[in-house]
Amino acid sequence: APVLVYYGYTTGSGIFVETAREAKIMTETKDLLAPGKFSTGGVRLHIWRGCLKIVKDYPLFGIGQETMFSIYPRYRTLAHAKTEGQYSRTDRAHNDLIDVVVMTGIFGLCAFLFLHITFLVIILRAVYQSKGRERIMLAGIASAWTAYHLNDLFSFGTPCVNSMFWAVSGIGAALAGKPRVYEKRLSLGSMKWVALSIILVLSILGLVWVRNIYSADRTFNQATRLEKSGNLQDAIPKYKETLRLNPWQKDYSDGLLNTYLTLARRYPNPDYTKEAVFWAERAVKLFSEESIAWNFLGSAYYLDGASTGKDRRNEAVSAYKQACIREPYLIDAYTNIGQITLSQGKTDEAYKHFMKVLSFEEKEPRSLYYAGQIEFQRLEKREAKEHLSRLVKLHPTYERAENAKEMLLLIERSK
């Protein structure tokens with residue numbers, strides 16, 4: 001009893017303090033949904049607003065467990081994208097109730113609330129009816145239970161915390177129910193050996209699976225270090241080994257693709273681009289709702305066309321458009337579409353994509369330059385001057401800044 005009371009008090013008090021801190025941040029932060037706000041309270045409000053859009057589209061059964069990573073970017077706010085970056089990812093709502101309704105829908109939320117509210121009612125009734133040490137123990141369990149759920153209004157459960165929560169909940173249920181213990185010997189005969197064999201086989205398979213997951217993570221860390229140190233060719237076999245051990249981990253696929261595409265940009269070798277296309281096509285099959293996978297595929301098609309002499313620009317544009325559907329604020333995809341369509345002579349379409357980027361990220365250098373260039377060619381001097389001047393002012397070291405200055409000089413001379 002003293003252990004449980006101590007656990008309930010220490011866990012409860014700690015979580016209450018954390019919850020109060022989060023609430024204080026959220027009430028004191030001005031303009032929480034404005035771009036550039038990095039407070040934890042502000043970011044949570046961004047996430048919750050996007051999650052409510054998901055619930056509107058998937059009300060009954062949700063989007064499925066562990067899928068928010070891929071689905072959420074389609075719904076996140078512009079302010080959130082600006083605050084955390086176009087390639088940032090969110091896999092939890094930082095609120096248990098919102099997490100449940102997003103992933104399992106209204107039916108799942110109702111089941112979740114029924115289970116936990118029923119448990120609380122049973123525990124509180126037992127606290128009222130019990131006496132002495134048993135009442136103290138049940139009160140400690142009730143306080144820990146309450147604190148856990150208050151904390152998860154601003155956070156989410158992790159395995160180490162959840163396991164303790166369910167252990168304490170089980171003890172509370174046993175104490176509240178006061179079950180009678182019955183002992184009966186079962187005569188299993190030869191069946192016990194069958195049961196033991198099944199348990200042994202499943203245990204071995206489980207250990208192998210866990211070992212593979214651990215080995216994949218360890219190898220992935222080695223590959224990442226090699227990539228960051230510039231040893232790209234040495235990183236590739238490490239990344240492939242991680243995907244052999246665990247083909248469903250998106251980070252492993254992203255690491256391999258990023259390495260291949262970096263090599264392909266430095267050395268236009270068909271061997272690199274062919275591999276990049278293969279792994280990117282595999283990624284969009286496994287993670288069809290993941291915008292970054294489609295963005296990688298677009299880059300792989302374009303670089304493969306450049307290295308082999310084939311015209312794969314239409315395939316690249318198609319892949320980039322799929323990425324934009326899945327993430328409306330993916331700057332690189334829109335800008336790449338603009339550059340490719342401009343190279344195809346589709347000036348109007350290119351201009352539309354550059355202006356799309358500038359509508360939500362007015363400082364993006366490539367879009368500023370190419371929009372200004374197109375306007376300069378169209379003799380739209382005022383618009384061209386505005387975009388090119390902004391580019392030179394904000395990005396003086398941009399690779400085409402000198403070209404922008406030349407166009408600005410010609411605009412001034414033509415007055």
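In this predicted model, helix α17 (residues 381-394) packs against helix α18 (residues 401-413) at an angle of about 145 degrees, and their axes are 9 Å apart. The crossing of α17 past α18 is left-handed. On the α17 side the residues that meet α18 are K381, A384, K385, L388, S389, L391 and V392. Their partners in α18 are A401, A404, K405, M407, L408, I411 and E412. Sorted by class, this contact holds nine nonpolar, one polar and four charged residues.

From α11, the contact uses P270, T273, K274, A276, V277, A280, E281, A283 and V284. From α12, it uses A293, W294, F296, L297, A300, Y301, L303, D304, S307 and T308. The class count for the contact of α11 with α12 is 13 nonpolar, three polar and three charged residues.

One residue of this contact can be followed further. S307 is placed in helix α12. With a relative accessibility of 15%, S307 counts as buried, because the cut-off for buried is under 20%. Leaving aside residues up to four places away in sequence, S307 touches P268, N269, P270 and T273. Of these, P270 and T273 are among the α11 residues in the contact with α12.

The next topic is aromatic side chains. Over the whole structure, a search finds 13 aromatic pairs. One of them joins Y329 and F360 edge-to-face, at 5.3 Å centre to centre with 75 degrees between the planes. Y329 sits in the loop between α13 (313-326) and α14 (331-343), while F360 belongs to helix α15 (residues 347-360), so this pair ties together parts that are 31 residues apart in sequence. Y329 is partly exposed, at a relative accessible area of 23%, whereas F360 is buried, at 4%.

The rings of F354 and Y370 also pair: their centres are 5.3 Å apart and their planes stand at 15 degrees, so the pair is stacked. F354 lies in helix α15 and Y370 in helix α16 (residues 365-377), so parts that are 16 residues apart in sequence are tied together. F354 is buried, with a relative accessible area of 0%, and Y370 is buried as well, with 9%. Both rings belong to one aromatic cluster, made up of F354, Y369, Y370 and Y398.

| Residue | Relative accessible area | Class |
|---|---|---|
| Y329 | 23% | partly exposed |
| F360 | 4% | buried |
| F354 | 0% | buried |
| Y370 | 9% | buried |

A last residue lies elsewhere in the chain. G170 is part of helix α7 (residues 159-177). Its relative accessibility is 38%, and G170 therefore counts as partly exposed. The C-alpha atom of G170 is separated by 9.9 Å from that of I141, and these two residues are 29 residues apart along the chain.

Conventions. Residues are numbered from 1 along each chain as its sequence is written. This is a predicted model: local features need pLDDT of at least 70, side-chain atom pairs count only at pLDDT 80 or more; totals for chains, interfaces and linings use all residues. Side-chain values use heavy atoms; hydrogens and water are left out. Contact means heavy atoms within 4.5 Å. Helices (H or I, at least four residues) and strands (E, at least two) are DSSP runs, numbered from the N terminus. Ala, Val, Leu, Ile, Met, Phe, Trp, Tyr, Cys and Pro count as nonpolar, Asp, Glu, Lys and Arg as charged, and the others, Gly among them, as polar. Rings of Phe, Tyr and Trp (its six-membered ring) pair if their centres lie within 6.5 Å; planes under 30 degrees apart count as stacked, over 60 as edge-to-face and the rest as tilted. Buried means under 20% relative accessible area, exposed over 50%, partly exposed in between (1.4 Å probe, protein chains only). Axes are lines fitted to C-alpha atoms, for helices over the stretch in contact, and angles run from 0 to 180 degrees between N-to-C directions. A crossing is left-handed if the near helix is turned anticlockwise from the far one by less than a right angle, and right-handed if clockwise.
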